[in-house]
Amino acid sequence: MVKPRFSLLLLLFIVSIMAAYYWSQPSLPEQADYYPTARDINPFTLTDGDEQPFTPANLTGHWTFLFLGYTYCPDICPTTLADLRAVYPGLKKIAPNSQVVFISADPQRDDSARLKSYTAFFEPEFKAATAPHSALFPLVRNLGLVYSIVESERKDYLIDHSASIVLINPAGKLVALFRPKVAPGEVPRVDMQAMVADFARIVRLADE
């Protein structure tokens with residue numbers, strides 16, 4: 001017969017092993033839509049701010065934070081890019097191969113020179129690219145984002161677009177989506193501190 005004291009010690013030993021295993025595991029992201037099995041991104045070809053092709057090869061080897069917008073955007077885009085600039089050093093500290101990519105949904109007005117100037121205003125290292133809608137729309141949909149042009153016949157038309165930020169892993173696959181918080185009368189914004197914290201968790205999970 002097993003003595004009660006021995007049984008208690010055995011139970012405590014098992015519990016301590018389980019606790020050690022639990023605490024040694026990296027925690028899951030708390031705010032992001034996280035895809036443990038990263039999703040493939042279909043082939044695409046855009047043109048970047050240097051008038052060079054921007055393809056899946058530009059994503060491989062990097063943790064890419066991708067944001068969709070346009071340079072004439074009055075609120076969401078400048079706010080989000082400014083927020084990304086503020087946390088960019090933190091992202092690079094977590095993963096030095098981090099990059100920010102701004103994809104324009106307005107190829108008619110956003111040529112390469114304008115895109116490069118626009119993103120450089122926020123951070124010279126930020127990248128930008130666009131393409132005709134025939135190439136752009138399938139990519140945007142593939143990433144789980146959307147956009148639509150409002151009153152396209154007007155010269156100063158606006159574009160409705162997602163305010164989420166997509167995270168693509170160094171294998172060039174979609175691994176997470178950071179959705180914005182939406183409050184009445186306020187610009188939709190991704191919680192940057194929560195994004196940074198979740199990014200650290202995702203990188204740790206990838207390293208396991």
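# Briefing: sheet, cysteines and spaces

Glu51 is exposed, with a relative accessibility of 61%. This residue belongs to a predicted model. A search of the whole structure finds zero disulfides. The largest pocket has a volume of about 160 Å³, and the largest cavity has one of about 40 Å³.

**Glu51 and its loop**

- Glu51 sits in the loop between strand 2 (46–48) and strand 3.
- Its phi is positive, at about 65 degrees, although Glu51 is not a glycine.
- Most residues other than glycine have a negative phi.

- Strands of a sheet pair through backbone hydrogen bonds, and the pairing is either parallel or antiparallel.

- Strand 1 pairs with strand 10 (residues 174–178) over three bridges, in the antiparallel sense.
- To find this pairing in the structure, look at Asp33, which stands opposite Leu177 in strand 10.
- Strand 10 is mostly covered, with five of its five residues buried.
- Strand 9 (residues 165–168) and strand 10 also run antiparallel, joined by four bridges.
- Here Leu167 stands opposite Ala176 in strand 10.
- Strand 9 and strand 10 form a hairpin with five residues between the strands.
- Gly172, in this hairpin, takes a positive phi near 80 degrees.

**Strand 4 and its two partners**

- How many residues of strand 4 (residues 63–69) are buried? The count is seven of its seven residues.
- Trp63, Phe65, Phe67 and Gly69 point one way from strand 4.
- Thr64, Leu66 and Leu68 point the other way, and the residues of both groups are all buried.
- Strand 4 runs parallel to strand 5 (residues 98–104), and seven bridges join them.
- Leu68 has Ile103 as its bridge partner in strand 5.
- Between strand 4 and strand 5 the chain passes through helix 2 (residues 76–94), and this β-α-β crossover is right-handed.
- Strand 4 also pairs with strand 9, in the antiparallel sense, over four bridges.
- In that pairing, Leu66 stands opposite Val166 in strand 9.

- Cys73 is in no disulfide.
- The nearest cysteine sulfur to that of Cys73 belongs to Cys77, 3.2 Å away.
- A disulfide is a covalent bond between the sulfur atoms of two cysteines.
- Cys73 is buried, with a relative accessible area of 7%.
- Cys77 is buried too, at 0% relative accessibility.

**The largest pocket**

- The lining of the largest pocket is made up of 13 residues.
- Gly49, Asp50, Phe126, Lys127 and Ala128 are the closest of these to its centre.
- Helix 3 (112–122) and strand 6 (127–130) each supply at least two residues of the lining.
- Helix 3 gives the largest share, with four residues.
- By class, the lining has six nonpolar, three polar and four charged residues.

**The largest cavity**

- The count comes to one cavity of 30 Å³ or more.
- The residues that line the largest cavity are Ile41, Phe44, Leu46, Phe54, Leu59, Leu66, Ile103, Leu139, Leu143 and Ile168.
- Which classes make up this lining? The lining of the largest cavity has 10 nonpolar residues, no polar ones and no charged ones.
- Leu66 stands opposite Val166, and Ile103 is the bridge partner of Leu68.

Note on methods: Residues numbered from 1 in each chain as written. Predicted model: local features only at pLDDT ≥ 70, side-chain atom pairs only at ≥ 80, totals over all residues. Heavy atoms only, no water. Disulfide = S-S within 2.5 Å. Buried < 20%, exposed > 50% of the residue type's maximum accessible area, 1.4 Å probe, protein only. 1 Å grid on protein atoms, 1.4 Å probe; cavity = no way out; pocket = protein on both sides within 12 Å on 5 of 7 lines; lining within 4 Å. Points joined across faces, edges and corners; volume = space filled by probe spheres on them. Nonpolar A, V, L, I, M, F, W, Y, C, P; charged D, E, K, R; others polar. Pairing = 2+ DSSP bridges. Right-handed = clockwise from strand over helix to strand, strands pointing away.
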